[in-house]
Every structure is written in structure tokens, then in C-alpha cells.
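Here's a quick tour of who touches whom in this structure. Have the viewer open and follow along.

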Amino acid sequence: MKELMTGNEAIAHGVRLSRVQLVAAYPITPQTPIYEKLSQWESEGKLGGVMVRVESEHTAMATCIAASLTGVRVFTASSSQGIALMHEMLHFASGNRVPIVMGCVNRALAVPWAFGSDQTDTLAQRDTGWIQFYCEDNQEALDTVIQAFRVSETVCFPSMVIIDGFYTSHFMEPVEIPPQEAVDEFLPPLPMPNRFDFSVPAFLSNVVGPLDYFRFRQRSFSDMAHSMEVIKRVDEEFGRTFGRSYGVLEGVHLEDAEAVLITSGAITGTARVAVEELRGEGFRMGLLKIRLFRPFPAKEVCRLLEGKRKVGVIDRNISIGQGGIFCQELKAALYPMATRPLVQNYIAGLGGLDVPVELIKEVARDLMGRDREEGPIWMAEP
Amino acid sequence: MELEALIPVSRISTEGFRTGQWSPRKAYHSEKVSPCREACPAGSDIPEFMCFAAEGRFDEALKEILHENPLPGVCGRVCPHPCQDHCNRSNLEGAVQIREVERAVAEYGRGLPQRGEGKVGGRIAVVGSGPAGLSAAYFLGRLGHRVTVFERQKELGGVLRYGIPEYRLPKGVLQKEIERLKALEIDFVTSTPLHRETILSLRQDFDAVILATGAWSPRRLGIRGEELQGVFYGLPWLSSPSTATTDPRRIVVIGGGDVAVDVARVSRRLYPEARIVMVAPEREGEFPAIPEGLLEAAEEGIEIEGGWRPLEFLGEGGRLKGIRFRRCEVHRDPDAGTYRITDLEGERIEEAQMVIVSIGQVPEWEVLPQGLKQGHIETTPWGETAIKGLFLAGDLVNRKAAVVEAISSGKRTALGVHLRLLGDDPQKVLSEVKIGGGRAVSFKAFLKGTSKRLDRIAEFSEVSRYLFPECPPIRPGKLDPGERKFSFREVKFGLGKEEASHEAGRCFNCGKCTGCDLCFFLCPDLAILKGDPYSVNPDYCKGCGICVEACPRDVVEMR
Amino acid sequence: MDGRTLKQREYEGLRPGHYACPGCGMAIAMRLVLKALGSPAVVVSIPGCNAIIGNTYPYSAFNVPAFHSAFEIAAPTAAGIARGLEIRGQGDIPVVAFAGDGGTFDIGLQSLSGAADRNENILYVCLDNEAYMNTGIQSSSATPPFAWTMTTPSGRTGRKKRIMEIILAHRIPYAATASIAFPEDLMRKVIRARNIKGMRFIYILTPCPTGWRTPEDATLRLSLLAVHCKVLPILEIVEGRIRLNMMPKNIPVSEYLKAQGRYRHLKEEEMEAIQREVDEDWNRLLKLTEESPKGQSLS
């Protein structure tokens, strides 16, 4: 049964269905409806978990980490300034190998102040050791929350389930709510043990020497690399159980594409339309959606772009001093290829600026007419 | 996924780190002597018995006192308490009323001393049943000797019975104290005066003879009129107060010592209407008597005048009529032991029908064997004389003339006799059980050995000022002066059981580990090990010294 | 009582062999708190001397499970663990957060306030050595006026925050101050706190020989003087009502200050200013106090 709901509500349903036991959160636009929906269900006795209304995002993450160590299932959500404020705690969570799932609603980071969608807030946390899923639409958001808990609790890394602020979070779409029993079977209620062992007490996460630090980081790196397989398996199993799967990447019309647009998040939905239109106009355009950003699917990307001549990466984000972040990561992933495509970076949609079909078609036309790479091209409006 | 390996999980205990190696300084628990004990001529282990008394365990407290002092009921009433004058608690809000607690322990404690099984089992004669004689007999009995005490009076006690009045030391109390001694199978032979030759001949039937006959001969003034009727002398008069003078209007007591005070106060009770005045050459406030005695005397309406000495007794028809006094002042040098009276300008005549001269006592030299140098007898610290087999104890050898000094002397003499009979060297052995810098020796240490450092005195711990809440001493009540004039009832009330326990609880127990656990709880490194005795674990003691600071009893020290 | 007998408790929550400086007041405080808290329990430790005492991987000085959290989040970390245990049906296992003055008065104040507001079920113990000692003696808002530190070499110009008033303003069920000089009282308060649900806050002044420039054995004397000079009132706040546990002996604060090297440079007028402030704060406290001891008893 499908229901009309916003992306925020979809995430909230995912949290409820996952039988989350503790939510510690702090309000920030455009995340607040998630917080409010969960609070409303808590007061109606429908949530099953307990809401902890904390006094800052940093504390929210701190509380989640601590609770997660006892083995209970926890969730939080934030955006922009809140995610930035949590930065210390994001490293802390990953280092503690706790399976927290956080709903991130992309929003521009100040300064300047703006409230629309911009991926820089979550991408700026790419070094913190979190798994990052960039969701295209409301259904994917709900489904990814459930998948994320399963993945995190298997590999012991926290995950971000990321949607665009306003475009996904506040826009209504029809969403299928999976049945609770099916979710229960897919995601067991309490798979994690209490890390506090009362029979043989231990001091957890205390100071280590340099060599031990090196080794723990090496272990984390290796574990994160192996989580790729787990992520794929879980998604496949989800597909078999619920009839929907998303993969870590999704290729559209790649077989005969001469030029490929690479997108993530809500822009992907618009790009699908643009690519169809361009193909109708006779252009051999392809589209590659990047869903999993961390761990970065380097091998998969190389395989899919094998033989492609031109690639245009649309980044709704910017790393000042370098360029668009998806583009950077992609270039690094493509580097080992014997023959590399031309990769051109397009910056669009920062601060929630609309990225309409026309703009994407302009990007595509520019890409196709291009024989040389240059620095990031800033596309404000069509 | 094996969770254990993902994050630092630290299980190994830090106990493997011997942080004691950080410093060569280590703390030690070393019990010592309390300053009150050092000051006590009998060497009573006050902190020990205070522990028991504080918990209401009076039987055990009594047993503890009896290790060093056989007459706690007596001392608990009449002792001038040098212990209290050295009490460390006086640095806080007031000395512990040790004497009152001792009295309570003697009152409420039950139990008898045990006669020892002596290897030697000598036969010892003690001449005199005053405090020194009783003390010597007691300790010899505890060591397993057969003791016979000869007493010339009908009753036992010496100065305790015949010198200290009922209102200060009730005869019933004295009797109870003496009864306790009978458990030691001592033979008491009363109404048997001995003198010179009979004393010496005792050495044929006994392995040693201890002379503890005291000082019963009163000093004379040597002034005109001393032979008049109505002139009496302190100690003899106290033994049997004469009421020969009917209704004296004015009574003068010459002297400023404790005997003089007692004489004045007994007179007050015999002659409630008379005007009684104590006159001494010292300034008021410098009388040698214990201040509390003078205070009680003043409460009973006895006048006190200082700075006069009698020149002559004036009579009429052979009876005393008055006394001529001369203004004077006294220069006393306690170290040199000198005492000099200087006359000043001014004379007066005081009317009096009765005068009692109490200016001190000396031994009755004519009763004692020749060969003992008159005036000042040479003895060893344990009373041995130049005459073989003859030992001395008590006022015979002491200048101080206090009951507790006599008890101390009796103890030392007993031990000296015992050691001589064993063939040991009293000098060496007694120096091992000497307490601090005083005269006292510890009988308990002699008998059972001790882990306490008898040569180290516990100092006041400064933090005690702040560690303990103020808790003023409980002073017992006294009989109302109005009533006292007409009765020989005991003037000072004793402490009740709870009061005594409470007062004993104020004792810091200097030098004794009471297991209060302050050092234990305050050690940052858990290096104090509880036990009997407490000790310090050198593996973890970093030598910080907090335990030394913390111990209010100066038991913990740093080396 | 005269400190003659303290109840004999065999259990120890802290192990010897830890790396605290000789004479460390904090080590004593941690030991007494953990001893009274018993087992099972969970300890939250944060950067500072308290974590160093806990020791580094793979060693632990704690006899109960512990977790090394971040500097500013002692309170919510403990809260998260407590809530997690509650959800798992182990809600009667006490969770204690140790934080220093930095983690309480400064960087941790926000999260402490939030936890207090939510009445989280934790015992929060502030171990105040009056500066950032672990990082080398830098001043905090708990450093008293005129005290020397490495970052206030001429003496601190700020005034010490009244943390107990801040806590009082949060309306939590139980708060108390305690001193290592009165271990029985301290442990009694921990035991009392352990049996209360909701936010509990215990403040302990922990002298630091290294940072206060005092001899190693001065820790006890300083703790006593702090109490009796009225610098550290010993009290409990139960459901918002202040109850003094003991009346100090009213010793001039100069006794306390003269004993510390960090006040060596103190001028006469500065000492007088400190005395005035101590007296004013004390009189303020008396006005707010609802119950005082009749006599003096701290046992």
C-alpha cells in the first residue's frame, strides 16, 4: 500500500519500522519534521523507542554513541550546522565502531546562511569513517534506513542516509511502507551485545600508543573496504524480500553512451528526464547515479565507465581550493584505468539553487562539445 | 565480527605496575608512647584503656589499668593528674579528663588481677601498707612471689587511710581497692609495728625486705610556743583529728600544701562555725597544693592568706591564744630543689585557739635501720640500698610525695627485687621497659613484651585541629559547698557510664593504632594494608606522606 | 565520632599501580567514590587526570567497566549508557561520570546543563583541582581569583563560578559537596546518591600538589583548611533545599592561602579581598540554607 508522504516522513517510517530503541536529536531546518514525527509517535505509544531531546547535535551524537555501546539500536538526524557541530563525534562514533544510523538532510553550510539543499555538509564528513548513502527519492530513503541498520550492525560502522533538503525532505511522493513482520525478519530486533562486560571489566577506548593507533586505523580501513560486499549483499537481499533494490551505483543507458553524466541525490531524478530528452534529440547520453559514496565504489565505477570517452560530474557541493567532491573522488578512482575518459566537473545547485532539466541539458551539451578538461564550471542558471 | 578487536579494550590490571619504585620513601606504622603516659609516674597506658572505656568495656579497661597501676580507684580521686597536663587534646578544646575516666573504670569494671606462676617464687617482706607498699606487694604477687605485708596500724592503707580524708577518698573505695589485691594471695599482718632490728632480722626469713614506711614525722617550725595546748601537726592530726579544743572560734593552718588543705577542710567539717584560715609564706596562687583543692577549700569558706610566716605562738595559761606573723616572700628553685624564705617589713598578730602546722613530713629516722644515711638515702632507681637484701620504696625515697609517685616507686622496687632474685641485671632489663624520659617502667612490657616503641613519644598531629569537631570535656559535678561543711560525704561526683565512655571517646589514643582507617581511606595508592598491625605495601607506596599527616595519633611515620 | 572507626568495606573500585602523582587528591576522591559505588557499575572517564589515572591501553585501573569519552561530554555519555542499560533491563546498574573542573565548569557546562535539564539517571562527580592540570596547569573558570597558573602567571583575574548555584538552578533531585578530608561523609553521600533515580551531582575539591605548588603530603591539610576556612562548604541539596552538613571552625582564609605555592605572590590586599569574598559567599549561603547542623557532626 502506497502512501503520499515527504522524504522526512519516509525516513521517520524507516526508523519506526527498524524498531529503533533510542533517538537522541536536536531540531534544525530542514530535518525537524523527522524529529517531530518521531516525537508524535512516541507520545502516541507507536514508536517503541525513547526520544531524548538533547540540547545540541554534538550531545545528540555523544548520547547515541554511548547508548549504542550498550548494544541498543539508535538513530539521530541532522543537517548543515548540526552535522558540522557533530564533527568531532562523527570520528568518535566510527572509531568506537558503533552501528548508529543518522538521517542527514542536506543543507548549505554557513557562511553565507542559506537553507536549501547542498551536499557539502555531509561530504565534508567524508574522512570520518561513516558509510554514506545518497538517496534519490523518498522511497529509497525509507528503504535505505532499513538497509543501513542491517549493514551497520553487520560491519560495525555508522551510516548516513542522506537526502536533499526540501527537494526530497519536504516534497510528497507515493511511498510503499513495507510490512513490519517482513522488516522484523530482515532486521532482527537486538543483534548487538553490550560492550560493557561486567564479569571481566575493561576500560574501553582509552589512550593507545602510536603503533597501536596505526594498527587500529589499519583495521578500520580494511573493515570498511570489506563492507562493500556486505552493502551489496544486503541490498540484493532487500530486493528479494521487498522487491526493490538500488545497488551502489546505477547505470542508465551506459551500454552505448558516448558521454556520461554523473549525479547523486535528487538531481538524479531530474537528470533521468534530461537524458531521455537528449537521447530523443539524438545524443548518445548515459547517466551514472552514485548512491554509495563511502566506501567509494572505485572498482565498480571503473568497470562501468570502461570505454566511455567523456564524463561530466554534476556536484551540488564544493571543496574550496579543489573542486566538486564527487568529481575529485571519481578522478582518483579512475586514475588506474589504462584509458581514462575526459572528466569535467560542473558545479550546480549550491545553496538549494534549482537544477532544472534545461540546466542539465546545457551541461550535457557542453560536455559533448568538449575536447579538453578545465577547472570546475559553475552553472548557476540555464 | 569479533567486537573485542575493533576498539581498545583494556583488561589488564594496573596492579602489575610497582609504582612504589617511584620513591625510596616509605611509610611505616610504628606505635609509640603517648605524652600522657610519659608524664604518668606509674606509666599507665592511657590510650589502651581509653579505647576500651570508650566502648563501654569497663572490665577490659580495668584489666588494662591494672597492668601498671593497682589502685585506679584511689588515683582516680586524688591524683594531681600530670597526664592531663600533657594531654594532646588540650591543643584542641581541652584535655581529656583522664582521672575521671580512671575513676569510672575502677567503679564499673569488674575483674581481679592474676597471680603469676613464678619460676623463682621468692618470699618477700614489705613493711608498710601505704601506696608504695601495696604497689610493691601487688607487682611481686603478679610475678608469683610469696609476699607478706607488715602494717603497724590496725587497718591497711597507710597515708591513703590515715592521711587522706573521707570526702576525698572514701574508706569504702579504699577497701574495695585493697580487696582486689587479696586475689594475689598476699599475707597482710596488721597491728605489727617494726623497727630497726626487727626490720633487719626479717632478712633471715625472707629473701628480700622492702621498706615502704612513708614519711610520718611532721616537720617542726622550731619557734617559741610550739609546746602550747592547741598546737597540732598536720599528718598526725589528720590520722586522728583531735576535738580536744572545744569550740575554737579561729583556726589557723600553717602551710600551703595538700596536707594543709586537707587539714583545713577537715577542720571546717569538725567546726562548721569557726573561722578557718590557711596561711603560708608563698603568695596566693603559688601555693604548692593542687589548685582544685584550694578552690574547693575556698568554696567551703576557708580563707587563704599568702606571704606570712609564723614567728611565735602566743599563749595564756598554757593554751594557744594567738600567732605573731611576719611578712615574707619565698624563692623556690625546683631544679636545684632549694626553697628560701626572705623576711619583709610588717608583722601582725592573729587571734587563734587552734593551730595546725602542716609544713611537710619526713621519715621517722629513729625507726629505720642505721646505715641508711639520714636525710637523703642513696638508692638505685629500683630502690636497692647499700644494705644487702634491703630495698626502699615510696616517700622514703621520693621528694615528690604524691600517691602515684609512690605506686611508681613500688613497681620499680618490686621489679628490682624480682630481677635480683633471678640473678638478672635490673639496670639493663629495666632500661628496656622504661617509658620515654620519665621514671615509669612498663610492667606489661616486662611481662609480655611489646611492639610499641617505648622510647618514642607521640607528637600532636596538627591536622587534628581541623579533623575533629569541638567537644568540650565533661567535668563531673561537686557536692554543694553548703552541704560539704556538715558532712564528710565525697565532694566530687563520679562520671556515669555514658559520660565516662563519651569522655574516653575524646581521647586521641596518641601513639596507638586504633584501626580508625584514616590512613587506609586516604591513601591515593591503596598501599595501606589493614591487619594487626597495619602495614604499608612497598610495591605501591609512592612516599607521599598523606598517611603520616592523616594519622591523628602519630603512629604512621615516613622513612 | 573522633574518626575512631570507619565502617570496614573490603571492596575497592580503583586498583593500585595507577599513575597519579604522589599525593594526588583526585586519586583519593576517585578511590572513595568507586569504593562506595560498589559493583556492578559503569564509569565514564574523560580527558584529564582522571583518565590518566584510569591508565592507557591495554591496562585499566578500574575494577568495573569503564569508557573513555570526549572532554565535553561526560554527562551525556553517562546518560546514553544509563539509558541503554535501562532499555536492556539493567537500569539499576549505576553509571558514574568523572569530570574535572574543565569538563564541568567550562567546555562541559553545556552538556552538563542539558543532562541536568533532562534529569538523566546518572551520578556526575566533579573532581575540581581548579585548573587544567593534565595539560600542564592552565587556568579554568574554576581557578580561584589571584591564583597562579601557567596561563595566568600574574594571578587569575576572574572569579570562580559558583557551580553549586548553577546546579541548584537546574532543580535536580540531589547534589552535594564533599571533601576527601571527611571520607566517611563523602562515601555516605555516594551511597545516598546511588539509591536515587535522576540526576545526581557531587562536587569534590581535590587538591593537586603539582598544580597548587604544595608538598605531596599537604593534600589532607589543605582539604581540611578549605572546609574550615569556608572555602568549601560541605552541604547537600535535596530536592532544591540546601542542608549544611557541618559548621566550619571559621579559620581565616590566609591559613589556607599561605600553605599553597600558587598564592606565594599574594599581596595583603588580595588576601583581604579573598577573605571578604569568602565571608560574603558564606553569608549568602546561610541565607539560602534551610537546614543547619545543631552541633557539629560529620560522622
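This is a predicted model: local features need pLDDT of at least 70, side-chain atom pairs count only at pLDDT 80 or more; totals for chains, interfaces and linings use all residues.

## Salt bridges between domains 2 and 4 of chain B

Seven salt bridges turn up across the interface of domain 2 of chain B and domain 4 of chain B.

On the side of domain 2 of chain B that touches domain 4 of chain B, the residues sort into six nonpolar, two polar and five charged.

## Where those domains sit

Which stretches make up the domains of chain B? The assignment gives domain 1 as 18-31 + 513-558, domain 2 as 35-111 + 457-504, domain 3 as 123-216 + 363-432, and domain 4 as 219-359. Going by C-alpha atoms, the centres of domain 2 of chain B and domain 4 of chain B lie 32 Å apart. Each of these two domains puts residues into the contact: 13 residues from domain 2 of chain B and 13 residues from domain 4 of chain B.

## How much area they bury

For domain 2 of chain B and domain 4 of chain B, the buried area is about 1100 Å², with carbon and sulfur atoms giving 53% of it. In domain 2 of chain B, the residues losing the most area to domain 4 of chain B are Arg484(B), Lys485(B) and Phe488(B), which together make up 47% of what that side buries.

## Chain B meets chain A

Now for the contact between the chains. Chain A brings 21 residues to it and chain B brings nine residues. Between them, the two chains bury about 1300 Å², and 64% of that is on carbon and sulfur atoms.

How many salt bridges are counted between chain B and chain A? The count is one. Arg11(B) forms a salt bridge with Asp197(A), with 3.4 Å between the closest N and O atoms. Five residue pairs are in polar contact between chain B and chain A, and the side of chain B that touches chain A is made up of seven nonpolar residues, one polar and one charged.

## A strand pairing across the chains

Take a look at the strands as well. Strand S9 of chain A (residues 203-204) pairs with strand S1 of chain B (residues 9-10) in the antiparallel sense, over two bridges. Opposite Phe203(A) you'll find Ser10(B), in S1(B).

How values were computed:
Residues are numbered from 1 along each chain as its sequence is written. Chains are lettered from A and ligands numbered from 1 in the order in which they are written. Side-chain values use heavy atoms; hydrogens and water are left out. Domain bounds come from an automatic or database domain assignment. Contact means heavy atoms within 4.5 Å. Buried area is the accessible area (1.4 Å probe) that two parts lose on being put together, summed over both. A salt bridge is a side-chain nitrogen of Lys or Arg within 4 Å of a carboxyl oxygen of Asp or Glu. Ala, Val, Leu, Ile, Met, Phe, Trp, Tyr, Cys and Pro count as nonpolar, Asp, Glu, Lys and Arg as charged, and the others, Gly among them, as polar. A polar contact is a pair of N or O atoms within 3.5 Å; within protein, one must be able to donate a hydrogen and the other to accept it, and residues adjacent in sequence count only if both atoms are side-chain atoms. Two strands pair if DSSP finds at least two bridges between them. Helices (H or I, at least four residues) and strands (E, at least two) are DSSP runs, numbered from the N terminus.
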